[in-house]
Amino acid sequence: MPSLRALVCDDYSMVRETIRPLLVEAGFDHVREATLATEAISLAEMTQPDVIVLDLSLPGMSGLQAIPILKLVSPRSTIIVFSAYDIWREACVDAGASTYVDKGDLEALSDTLVRVATKTPLGRIIP
């Protein structure tokens, strides 16, 4: 079975530390972390992750600005926006994200990660 790669981009270490075990539990065995969108873009280009978990509120370039660039440098990556800015849901999907999960819903994030790992189709937006 091929290894699954993940990239988490959030500027808060506590959030990254919370997401990492969910990724491992879902079957991702290579997890990289970034604190800035520009760093995530470089890592995505180098590692071609199966999934990118992306926050919107990042210093410098926002997650929303990074989505189309991430899709360009790593077109096969599933981008999950994991954020508390619900008003940007549709804009994220329109920019190229596969889905949006509210930052307060770890169960939905876990379910979404399992779906990505098992290649089960995602709905466009997780409520």
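I take helices as DSSP runs of H or I with at least four residues, numbered from the N terminus. On that basis I place Lys119 in the segment after α5 (106-117). The model I am reading is predicted.

**Entry: positive phi**

I looked up residues other than glycine with a positive phi. For Lys119 I find a phi near 60°. Its relative accessible area is 63%, and because exposed means over 50%, I list Lys119 as exposed. I locate Gln48 in the loop between α2 and β3. Gln48 has 29% relative accessibility, so I put it down as partly exposed.

**Entry: α2**

I then asked which residues of α2 are buried. They are Ala37, Ala40, Ile41, Leu43 and Ala44. I see these buried residues packing against β1, β2 (30-34), β3 and α3.

**Entry: nonpolar cores**

The largest nonpolar core has 21 residues, and I note that Leu54 and Leu70 touch the most other members. Two or more residues each come from β1 (5-9), α2 (37-47), β3 (51-54), α3 (63-73) and β4. The largest share, 5 residues, is from α2.

I listed the contacts of Leu54, leaving out residues up to four places away in sequence: Cys9, Gly63, Ile67, Leu70, Ile79, Ile80, Val81 and Phe82. Apart from this core I find another one, of 20 residues, including Leu4, Ile19, Leu22 and Leu109.

**Entry: Asp10**

Is Asp10 buried or exposed? I read a relative accessibility of 1% for Asp10, and buried means under 20%, so Asp10 counts as buried. I find Asp10 in the loop between β1 and α1 (13-26). Its side chain makes a polar contact of 2.8 Å with the side chain of Lys103. Beyond four places in sequence, I record that Asp10 touches Val15, Arg16, Ala34, Thr35, Asp55, Leu58 and Lys103.

**Entry: surface patch**

Which residues form a nonpolar patch on the surface? I have Tyr85, Ile87 and Trp88, with about 360 Å² of accessible area together. I place Tyr85 in the loop between β4 (78-83) and α4 (89-95).

Terms used
Residues numbered from 1 in each chain as written. Predicted model: local features only at pLDDT ≥ 70, side-chain atom pairs only at ≥ 80, totals over all residues. Heavy atoms only, no water. Patch = residues over 30% accessible without salt bridge, like charges linked within 9 Å, V, L, I, M, F, W, Y side chains within 5 Å. Areas by Shrake-Rupley, 256 points an atom, 1.4 Å probe, with all protein chains shown as cover. Salt bridge = Lys/Arg side-chain N within 4 Å of Asp/Glu carboxyl O. Core = buried A, V, L, I, M, F, W, Y, C linked by side-chain atoms within 4.5 Å. Buried < 20%, exposed > 50% of the residue type's maximum accessible area, 1.4 Å probe, protein only. Contact = heavy atoms within 4.5 Å. Polar contact = N/O pair within 3.5 Å; in protein donor to acceptor, adjacent residues only side chain to side chain.
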